[in-house]
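Thank you all for coming; I would like to walk through one structure this morning, going from its overall layout to a few individual residues. Please have the picture open while I talk.

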Amino acid sequence: MCGIVGYVGEKQAAPILLDGLKRLEYRGYDSAGIAIHNCRHTSLIKTEGKIKVLEEKLGGAYPEGGVGIGHTRWATHGKPSDVNAHPHTDCTGDFIVVHNGIIENYQELKEWLQSEGHVFKSETDTEVVPHLIEHYYDGDLFEALKKTISRLEGSFALGVISRREPGTIVAARKSSPLIAGLGEGENFIASDIPAILQHTRRVYILEDGEMVKITKDKVEVTDFTGNPVAKPVFEVKWDAVAAEKGGYPHFMLKEIHEQPKAFKDTMAGRIFLEKCEIKLDDVHLGRDYLQSIKKIFIVACGTAYHAGMVGKYIIEKLTRIPVEVDIASEFRYRDPMIDKNTMVIIISQSGETADTLAALRESRKLGARVLAITNVVGSSVSREADDIIYTWAGPEIAVASTKAYSTQLIALDLIALYIAKTIGTISEDTIREIATAMKKLPEQAKTILDSVDTLKTLGRKLSEHQDVFYIGRGLDYPLSLEGALKLKEISYIHAEAYAAGELKHGTLALIEEGVPVIAPVTQEHLFEKTLSNIKEVKARDGYVIAIANEGNEEIKKSVDDVIYIPKTHPLLSPILTVIPMQLLAYYAAVARGCDVDKPRNLAKSVTVE
Ligand code: M6R
């Protein structure tokens with residue numbers, strides 16, 4: 001994820017910024033840059049690659065000056081490159097900006113600014129910001145930023161300096177974290193606490209809709225209309241390691257909690273309810289092509305494969321095109337029947353998984369068009385696919401995939417709606433119904449995350465068992481596969497998932513007193529059927545934990561424990577149901593004392609066959 005650090009004070013800014021950026025390195029990034037002012041001039045140095053490369057570029061001679069902003073970029077709009085790295089400037093070079101987040105309406109703003117004569121250098125969404133500030137500047141940087149942000153849609157944490165107002169940093173926050181650090185004769189901005197923890201433990205945590213102006217002696221916070229806001233000072237008590245994880249004990253837990261924001265980012269600028277339209281910038285699939293498609297393959301590994309299995313149900317339901325889901329390591333060697341009437345969807349968080357990449361290459365060789373769903377801009381998969389949907393979930397550091405999975409599901413919903421609309425297999429009313437439900441997912445995810453006490457208790461209970469089973473029907477089945485994978489990979493408890501109707505064809509023999517069975521029952525049209533399978537388990541004294549939609553009182557009578565989740569459209573329910581499953585696995589692993597973020601024998605990115 002992108003990182004921001006800003007400094008104004010009596011010391012040299014460059015070493016403070018570089019040190020701050022290094023403390024954000026763990027979050028992952030692909031380019032870095034700093035801009036420093038002194039009373040005579042401004043220096044701007046940026047590069048693709050790591051901070052080490054930036055330091056080499058500086059050649060040991062840091063630019064002098066007591067005001068500066070720095071950034072580590074994790075590419076979203078535009079590949080990793082020197083020119084796309086932050087900071088970005090306007091036409092004059094007077095206004096310098098760093099940005100985290102996504103400006104959803106940048107294309108429209110860019111076209112308007114270009115028509116006004118502004119010249120753009122990068123492919124980023126961010127570059128519209130310095131040009132807007134240039135447009136609005138009339139002797140007051142803070143006012144210009146205020147006017148600028150009134151034009152922006154999307155999410156942003158912005159830091160701005162200008163040689164027209166040396167000694168000042170202005171910054172603003174909407175849906176992307178930003179803090180102001182309070183020092184003596186110096187002040188800071190940062191996207192994350194670890195960046196400035198070396199220098200101060202006293203911070204203002206900005207809320208959405210707040211702006212800040214800092215000089216070396218003063219920090220003024222206002223709302224977006226300029227009304228002063230009295231902020232309480234937050235005293236950071238965490239040590240540096242805890243601060244990296246945002247105060248969470250593990251990256252996995254942090255990433256689970258990042259899902260509401262990740263959902264918003266994945267949908268940002270893609271769903272237009274009024275026009276009933278799904279817009280996917282890097283997807284160029286025309287009606288003729290989509291109508292010629294006879295079959296879709298979804299190919300992936302691990303958790304991404306499980307997302308693909310959910311995708312099959314949704315794409316088939318909405319588009320009526322047959323979908324086959326394949327494990328990449330099998331697909332590449334099984335001589336799949338592919339031609340130009342086959343479309344292949346590749347799913348990979350990292351975009352670097354060796355088998356998935358090989359499957360992509362094989363598919364293209366055989367004449368298929370390949371659409372990739374990936375989280376990493378500039379990854380091999382993103383470079384080689386014909387069409388791309390980025391999940392924009394931000395870097396995932398824990399080995400266990402959590403926010404990557406749920407955002408892959410959102411991406412699959414988007415592509416299903418896009419294809420169905422293009423070939424006319426869906427009504428506008430159904431698109432609107434699903435899209436409206438999608439927009440509610442971030443808030444609903446938050447509700448689940450706000451009440452985790454039951455999950456803690458149940459996770460601890462599971463930790464005492466050697467075997468756990470998951471059963472589900474319809475979309476609850478592929479979801480169960482993901483729940484079981486999560487539990488086994490981080491807690492080392494043996495976990496298996498079955499289509500609920502399969503239980504009596506063998507696995508029921510393993511159910512005896514106290515054996516835990518986790519049963520999501522979110523698909524109402526299949527409820528009675530799953531309930532009868534749950535009863536089969538209960539008749540053998542198994543211990544059943546159900547995950548049900550709010551309001552399902554019936555289930556209580558037949559199970560030992562129920563975890564309720566907010567009700568959504570049935571096709572979207574795995575996006576919410578997976579959250580309690582992730583947390584159950586997490587708390588079971590913690591109770592067993594496992595290394596949650598780095599489970600034994602596993603790697604985050606599997607770049608070998
Ligand atoms: O980066 P990818 O999505 O291609 O990775 C695929 C799998 O290696 C990955 O999902 C793996 O299964 C995770 N550890 C599961 O949590």
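This is a predicted model: local features need pLDDT of at least 70, side-chain atom pairs count only at pLDDT 80 or more; totals for chains, interfaces and linings use all residues.

**Salt bridges, backbone and surface**

Residues are numbered from 1 along each chain as its sequence is written, and side-chain values use heavy atoms, with hydrogens and water left out.

Glutamate 10 has a partner, lysine 216, and the two side chains meet in a salt bridge with an N to O distance of 3.5 Å; by salt bridge I mean a side-chain nitrogen of Lys or Arg within 4 Å of a carboxyl oxygen of Asp or Glu. This pair links distant parts of the chain, 206 residues apart, since glutamate 10 sits in the loop between strand S1 (3-9) and helix H1 (13-22) and lysine 216 in the loop between strand S12 (210-214) and strand S13 (219-223). Helices here are DSSP runs of H or I with at least four residues, strands are runs of E with at least two, and both are numbered from the N terminus. Lysine 216 is partly exposed, because its relative accessible area is 30%.

Glutamate 258 forms a salt bridge with lysine 403, and their closest N and O atoms are 2.7 Å apart. Here too distant parts of the chain are linked, with glutamate 258 in the loop between helix H7 (251-257) and helix H8 (259-267), and lysine 403 in helix H14, 145 residues apart. Are these two residues buried or exposed? Both glutamate 258 and lysine 403 are buried.

Within helix H8 there is a local pair, aspartate 265 and lysine 261, which are separated by about one helical turn because they are four residues apart in that helix. Their salt bridge has its closest N and O atoms 2.7 Å apart. Aspartate 265 is buried, with a relative accessible area of 10%, whereas lysine 261 is partly exposed at 28%. There is also a network of salt bridges, in which Lys295, Glu324, Asp326 and Arg334 are linked.

Let me turn to the backbone. Which two residues does a cis peptide bond join, with omega about 0 degrees? They are histidine 86 and proline 87, and proline 87 lies in the loop between strand S4 (67-73) and strand S5 (88-89).

Tryptophan 392 has a positive phi of about 50 degrees although it is not a glycine. Its place is in the loop between strand S21 (387-390) and helix H14 (403-423), and tryptophan 392 counts as buried because its relative accessibility is 8%. Asparagine 601, also not a glycine, has a positive phi of about 70 degrees; asparagine 601 lies in the segment after helix H19 (573-591) and counts as exposed, at 78% relative accessibility.

Next, the surface. Glu104, Glu108, Glu111 and Glu153 gather there in a patch of negative charge. For such a patch, residues must have over 30% relative accessible area and no salt bridge, and like charges are joined within 9 Å. Glutamate 108 lies in helix H3 (residues 106-115) and counts as exposed, at 53% relative accessibility.

Glycine 139, in the loop between helix H4 (128-136) and helix H5 (141-149), also counts as exposed, at 53% relative accessibility. Glycine 139 and glutamate 165 are 26 residues apart in sequence, and their C-alpha atoms are 8.7 Å apart in space.

Finally, the overall layout: the domain assignment gives domain 1 (3-237), domain 2 (251-447) and domain 3 (453-591), the bounds coming from an automatic or database assignment. The centres of domain 1 and domain 3, taken over C-alpha atoms, are separated by 46 Å.

Note on methods:
Patches are made of residues with over 30% relative accessible area and no salt bridge: like charges are joined within 9 Å, nonpolar side chains (Val, Leu, Ile, Met, Phe, Trp, Tyr) within 5 Å. Accessible areas come from the Shrake-Rupley method with a 1.4 Å probe; for residues, only the protein chains shown count as cover. Lys and Arg count as positive and Asp and Glu as negative; His and the chain ends are not counted. The place of a charge is taken as NZ of Lys, CZ of Arg, CG of Asp or CD of Glu. Buried means under 20% relative accessible area, exposed over 50%, partly exposed in between (1.4 Å probe, protein chains only).
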